[in-house]
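Here is a short briefing on one protein chain. Look through the structure first, then read the points by topic.

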Amino acid sequence: MNYTTVSSTKVTINRTLWNAWLSGLGTDNAVDYLLMHQKVQSREIPTKYHATLFVVSQYRQFEMLEQFLSFPKTLRSQLLFPLDKQEQEYLIESYYGYDEKVVRELLGKKLTQRVRKDLDDVALKSGVAIMGCRRIFDNIKRIIKRIEDIEGPLQELIARHFLISPELAQSYANIMFLNHHRLDTTKRRLSNYRFRDFEYAASVFSLYFTTSPSEPYEIDAILSHDARDLKTVLFNHKETIEPFRRIVNQYLEQQGHADISEKGGINAYRVLIKNILMLGIGLGNGKELRDIFSTIQEKIIDPAQSFGWTVEQFAVFMDALVRHFDSPNSGLNVNVQRRFANSFQRLVIGIKLVSCRLFQSPQ
């Protein structure tokens with residue numbers, strides 16, 4: 001008979017050094033970091049020699065733990081490092097945590113080995129050590145590779161397979177959406193937007209522009225088709241859009257927002273509605289979809305700002321479009337309303353939410 005005996009004591013994880021290791025600090029810098037931390041915390045300061053021995057021991061332990069963290073479910077079943085459940089959860093969550101500046105630099109890039117070998121520029125721009133950048137790169141690529149071919153809601157799949165919190169899993173789901181569609185975030189005019197702006201936009205696109213939560217990558221083709229047909233209905237005959245404009249105008253005046261119509265004038269309706277529909281048409285074209293952030297900036301935000309609208313006024317205008325599209329007095333044929341209401345509302349709400357976010361972000 002074969003017997004397996006495991007005898008070990010509880011593993012001690014120094015969280016200060018764990019965070020230093022996650023950040024990519026080498027042992028020498030980690031020693032200095034530990035000594036400084038001990039001083040700030042008014043704790044007993046060890047000699048540099050003993051601090052170095054401790055750092056080297058902890059780093060060796062972290063490197064051994066990493067093989068399990070790459071596949072978090074194995075951390076639960078392994079016997080080499082006795083860890084309670086709370087400590088396991090902390091290690092997994094923090095290991096898959098990321099620096100937003102690093103992810104911002106990775107957006108729009110194909111995650112190839114060549115890119116991984118050339119992360120110096122990412123490290124320089126983000127201020128994160130190269131090893132920290134590689135860990136973040138590897139984690140994103142690992143999650144994409146593991147999840148991309150499995151059907152189902154991304155957040156649930158990621159949380160289940162990698163044992164991370166729903167919030168962090170949702171963040172990775174948004175990163176996967178941006179990566180899958182190669183949405184371009186590198187244009188000069190987009191350079192001041194932060195990762196969280198694009199992540200928020202991805203969550204909105206996933207909610208309003210895809211077919212269903214179980215098919216998170218599939219842009220709904222109906223939106224594109226409906227946008228094309230609705231554009232023809234609204235703009236081929238002046239008498240079609242004019243009653244719609246008047247009822248929205250009347251509503252804004254009744255709500256005390258006459259200044260929105262006064263600033264925008266008749267042109268606001270034609271320009272923004274047409275641009276919303278053109279953007280919707282572009283959802284069915286890979287290249288146009290990739291440029292969606294630049295298009296929103298140029299075709300939605302710029303005109304709104306040129307009218308002198310605040311972000312709040314812009315939001316009120318967009319809400320009024322949604323509210324009155326299927327109104328009895330909109331001037332639109334009932335069959336047109338029934339066919340296009342859902343697609344029009346999804347387009348306007350999705351574009352409004354993303355535009356408001358980018359409208360308000362520092363430029």
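**Around helix H18**

Ser327 counts as buried, because its relative accessibility is 10% and the cut-off for buried is under 20%. This residue belongs to a predicted model. Ser327 sits in the loop between helix H18 (311-324) and H19. Start here, then move on to its surroundings, the whole chain and some other residues.

- Which residues does Ser327 contact, leaving aside neighbours within four places in sequence? They are Ile247 and Gln337.
- His324 is a residue of helix H18.
- His324 has a relative accessibility of 12%, so it counts as buried.
- With neighbours within four places in sequence set aside, His324 is in contact with Phe244, Ile247, Val248, Tyr251 and Ser330.
- Is Met318 buried or exposed? Met318 counts as buried, because its relative accessibility is 0%.
- Met318 touches Ile276, Val348, Ile351 and Lys352, not counting residues up to four places away in sequence.
- Met318 and Gln345 are 27 residues apart along the chain. Their C-alpha atoms are separated by 9.7 Å.

**The whole chain**

- The chain has 19 helices and 2 strands.
- How does the radius of gyration of the chain relate to that of a compact globule, and what are the values? A compact globule of 363 residues would have a value near 21 Å, but the chain has 26 Å.
- Along the principal axes, the C-alpha atoms fill a box of roughly 85 × 55 × 40 Å.
- Of the 363 residues, 50% count as buried.
- Take the contacts between residues at least 6 apart in sequence. Of these, 71% join residues at least 24 apart.
- The chain exposes about 18800 Å². Carbon and sulfur atoms supply 50% of that area.
- The chain has 47 positive and 41 negative charges. The mean positions of the two sets are 3 Å apart.

**The nonpolar core**

- In soluble globular proteins, nonpolar side chains tend to be buried together.
- How many residues does the largest nonpolar core of this chain have? It has 122 residues.
- The residues with the most contacts inside this core are Trp18, Ile158, Tyr172, Phe205, Phe209, Ile292 and Phe293.
- Helix H19 (residues 334-360) gives the most to this core, with 11 residues.
- Look at Trp18 up close. Not counting residues up to four places away in sequence, Trp18 touches Ile13, Phe62, Leu69, Tyr90, Leu91, Ser94 and Tyr95.

- Most residues other than glycine have a negative phi.
- Leu163 is not a glycine, yet its phi is positive, at about 60 degrees.
- Where is Leu163? Leu163 is in the loop between helix H10 (154-162) and helix H11 (166-180).
- Leu163 has a relative accessible area of 23%, so it counts as partly exposed.
- Arg182 also has a positive phi, near 50 degrees, and is a residue other than glycine.
- Arg182 lies in the loop between H11 and helix H12 (195-209).
- Arg182 is partly exposed, because its relative accessible area is 29%.

- Asp28 lies in helix H2 (residues 27-40).
- Asp28 counts as exposed, because its relative accessibility is 61% and the cut-off for exposed is over 50%.
- Asp28 and Asp138 are 110 residues apart along the chain. Their C-alpha atoms are separated by 24 Å.
- Asp32 is in helix H2 too.
- Is Asp32 buried, exposed or partly exposed? Asp32 is partly exposed, because its relative accessible area is 38%.
- Asp32 and Lys48 are 16 residues apart along the chain. The separation of their C-alpha atoms is 8.4 Å.

Definitions and conventions
Residues are numbered from 1 along each chain as its sequence is written. This is a predicted model: local features need pLDDT of at least 70, side-chain atom pairs count only at pLDDT 80 or more; totals for chains, interfaces and linings use all residues. Side-chain values use heavy atoms; hydrogens and water are left out. Helices (H or I, at least four residues) and strands (E, at least two) are DSSP runs, numbered from the N terminus. The radius of gyration is taken over C-alpha atoms; the globule rule is 2.2 Å times the number of residues to the power 0.38. Buried means under 20% relative accessible area, exposed over 50%, partly exposed in between (1.4 Å probe, protein chains only). Contact means heavy atoms within 4.5 Å. Accessible areas come from the Shrake-Rupley method with a 1.4 Å probe; for residues, only the protein chains shown count as cover. Lys and Arg count as positive and Asp and Glu as negative; His and the chain ends are not counted. The place of a charge is taken as NZ of Lys, CZ of Arg, CG of Asp or CD of Glu. A nonpolar core is a set of buried Ala, Val, Leu, Ile, Met, Phe, Trp, Tyr and Cys residues joined through side-chain atoms within 4.5 Å.
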